[in-house]
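Hi everyone, thanks for making time this morning.

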Amino acid sequence: MTIKECIDEVDSVKPNQYSIPEKVRWLSFVDGLVINEVLKMHEDYDSKYDEFAGYDADKLGTKLIVEAPYDSLYVAYLKMKIDEENGETAKYNNSATMFNSYMTVYKRYYHNRHLPVSGKGMKIF
């Protein structure tokens with residue numbers, strides 16, 4: 001999924017007033033989490049993302065890190081942030097539950113296919 005595909009999907013089902021640069025910043029945060037809490041915690045991490053400083057709003061064709069079918073976590077995160085910024089607590093709680101569920105499933109999937117770095121705790125729940 002590209003940045004643009006994610007933003008377009010969210011905007012089509014959850015119209016909002018937030019700018020593309022804001023949404024790109026939110027997606028950058030998610031991939032920062034994926035890098036630091038998932039990828040770097042495994043022995044086969046190849047340092048590919050060591051210099052990751054977020055995405056550029058001018059490059060919407062950039063692919064996000066997590067691939068299908070686990071990439072639903074990005075859409076869920078943007079929905080969650082929109083609900084949070086709108087002060088819609090009940091919707092935010094539902095969206096946060098969905099995001100956390102998708103992230104947990106992805107972490108389990110990744111952890112089951114890659115050896116953890118020895119000496120680093122692996123808490124995936």
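Predicted model: local features only at pLDDT ≥ 70, side-chain atom pairs only at ≥ 80, totals over all residues.

Let's begin with helix 1 and helix 2. Their axes are 11 Å apart, and the two helices pack at an angle of about 115 degrees. Angles of 65 to 115 degrees count as roughly perpendicular, and helix 1 and helix 2 are therefore described that way. Their crossing is right-handed. On the helix 1 side, the contact is made by Ile3, Cys6, Ile7 and Asp11, and helix 2 brings Ile20, Lys23, Val24 and Leu27. Sorted by type, the residues of this contact are six nonpolar and two charged, with no polar ones.

Helix 2, which covers residues 20-37, also packs with helix 3, residues 72-85. Here the angle is about 125 degrees and the axes are 10 Å apart. Helix 2 and helix 3 are therefore oblique to each other. This crossing, too, is right-handed. From helix 2, the contact takes in Lys23, Trp26, Leu27, Phe29, Val30 and Asp31. From helix 3 come Leu73, Tyr74, Tyr77, Leu78, Lys81, Ile82 and Glu85. That contact divides into nine nonpolar and four charged residues, and again no polar ones.

Now for the rings. How many aromatic pairs does the structure hold? There are eight aromatic pairs. Take Tyr18 and Trp26: their ring centres are 5.7 Å apart and the planes sit at 55 degrees, so this pair is tilted. Are these two residues buried or exposed? Tyr18 counts as buried because its relative accessibility is 13%, and Trp26 is buried as well, at 7%. Elsewhere, Tyr70, Tyr106, Tyr109 and Tyr110 form one aromatic cluster.

You'll find Thr2 in the segment before helix 1, which spans 3-13. Thr2 is buried, with a relative accessible area of 16%. Leaving out residues up to four places away in sequence, Thr2 touches Leu60, Gly61, Thr62, Lys63 and Leu64.

What is the phi of Ser47? Ser47 has a phi near 70 degrees, a positive value in a residue other than glycine. Ser47 is in that loop, and with a relative accessible area of 41% it is partly exposed. Pro69 is found in the loop between helix 2 and helix 3 as well. Pro69 is joined to Ala68 by a cis peptide bond, with omega about 5 degrees.

Met80 is buried, with a relative accessible area of 8%. Which residues is Met80 in contact with, leaving aside neighbours within four places in sequence? They are Tyr92, Ser95, Ala96 and Phe99. Met80 and Asn94 are 14 residues apart in sequence, and their C-alpha atoms are 8.0 Å apart in space.

That's my tour, and I'm happy to take questions.

Note on methods
Residues numbered from 1 in each chain as written. Heavy atoms only, no water. Phe/Tyr/Trp six-rings, centres within 6.5 Å; stacked < 30°, edge-to-face > 60°. Buried < 20%, exposed > 50% of the residue type's maximum accessible area, 1.4 Å probe, protein only. Axes fitted to C-alpha atoms, helices over the stretch in contact; angles between N-to-C directions. Helix = DSSP H or I, 4+ residues; strand = E, 2+ residues; numbered from the N terminus. Parallel < 35°, antiparallel > 145°, perpendicular 65-115°, else oblique. Left-handed = near helix turned anticlockwise from the far one by under 90°. Contact = heavy atoms within 4.5 Å. Nonpolar A, V, L, I, M, F, W, Y, C, P; charged D, E, K, R; others polar.
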